[in-house]
Amino acid sequence: MSEIDYEKLAEIELQKDEAEDAQSDQEKTFIPPPPEDPELNINHPYYDVARHGIIQLAGDDNSGRKVITFSCCRMPPSHQLNHTRLLEYLRYTLDQYVENDYTVVYFHYGLKSRNKPSLKWLQTAYKEFDRKYKKNLKALYVVHPTNFIKILWNIFKPLISHKFGKKVTYLNYLSELREHLKYDQLNIPQEVIRHDENLRGKQKGKLPPLVKIPPPRPPLPNQQFGVSLQYIKDKNKGELIPPVLKQTVCYLKIKGLRVEGLFRRSASVQTIKDVQKLYNQGKPVNFYDYDDIHIPPVILKTFLRELPEPLVTFECYDHILGITSVESSLRVSRCKQIIQGLPDHNYAVLKYLMCFLHMVSQESIYNRMTGSNLACVFGLNLIWPSKGTASLSALVPLNLFTELLIDFYSNVFSARTVPGEILP
């Protein structure tokens, strides 16, 4: 069958999808469009595209990789959206993560004849995203696929490598995302949630019931993941630096400072779970027993990410967002002011970690991890809002703040000493 025939078939399938959606829509109430991101500045280089919320940052997957979502239902009619700008904005977004492993979730629901990009645009998009974008994309989840997607796949088959094809997973229901991602961090459009409910309603009796999440268990006596710094301190004879942080840093100081791409790569999900379990049970962990230098960095990031409150506390979040409006020459002083507001324990742990990351950045000629690159990795593991997840527009100030802490470590942390603090 020729490509032209496929194109016609794709259009027919899309029209069928629209007809089915229209039938369901008769029973639906109107859902207003999502409010515009309050952190999005009108001076953003892609404000015209970003304001629609089509592309979002959505926390991490189960391997600690950043998750980016693409929601078709938020795409306005084609005459209201410059698709070339959309492609540029997608590249602009991925450029912040392309050096690290990352995951993409594509919500297909809402793609219609009136808002879909042309096939030529899709072909251009695939060709323009060169190897650096495809190599570190570790998973692409296509949610609510239809026959339209299958036909598209046939059109693009000659372009798509077998290796890339293996990264694609089709998910028929939102509940399936829970196996792969931190579901609660996803900013799923209400339209997609409602569509999922409709699909499940049609399949009643054919689907297993939704699994109820059990209530949280009390922490184990030696638990280190998912508990507060104070809890860990109380269980470790008052030591300020959590054992998992101290042990990962000590190991990486010896073995990892010159490893290219340190902190950028992911590791085996099962191995990470096994190591976490050992720590939580108070059993010894010897990183020399594992034949993977990237396990300790992932463990360190996981520890930070699973703290009930970020290391740089919620109270600091809004102050940090304002860092970009501070004159360049005064930003280091502003960072110093912000962290002075941290509790002693948080300050001591942050100082310990930043001292180590500064060491890593000093070896960037070998490991390629400058302060800026480390900030892209650690920013969202140190700082997040009290509700929801940080938006894409918040990344610039969050990462800039983290970069300044790393690059100007000696200056920023010179004014305060906490009793009992140690350094790597």
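How many residues does helix H8 have, and how far does it reach from its first C-alpha to its last? I looked this up to start: H8 (residues 190-202) has 13 residues and reaches 19 Å, close to the 18 Å expected at 1.5 Å a residue. The expected span is 1.5 Å times one less than the number of residues. Helices (H or I, at least four residues) and strands (E, at least two) are DSSP runs, numbered from the N terminus.

A note on the source: this is a predicted model, where local features need pLDDT of at least 70, side-chain atom pairs count only at pLDDT 80 or more, and totals for chains, interfaces and linings use all residues. Residues are numbered from 1 along each chain as its sequence is written, and side-chain values use heavy atoms, with hydrogens and water left out.

Next I checked burial in H8. Glu 191, Val 192, Arg 194, His 195, Asp 196 and Arg 200 are buried (under 20% relative accessible area, 1.4 Å probe, protein chains only).

Then I turned to the sheet. I found 5 strands in an open sheet, ordered E1-E2-E3-E4-E5, with mixed pairing (two strands pair if DSSP finds at least two bridges between them). Its edge strands, E1 (55-60) and E5 (168-171), each pair on one side only.

Last, I looked at its neighbours. E2 (residues 66-71) runs parallel to E3 over 6 bridges, and Lys 66 has Tyr 102 as its bridge partner. E3 and E4 (residues 137-143) also pair in the parallel sense over 6 bridges; there Val 105 partners Tyr 141.

Conventions: Buried means under 20% relative accessible area, exposed over 50%, partly exposed in between (1.4 Å probe, protein chains only).
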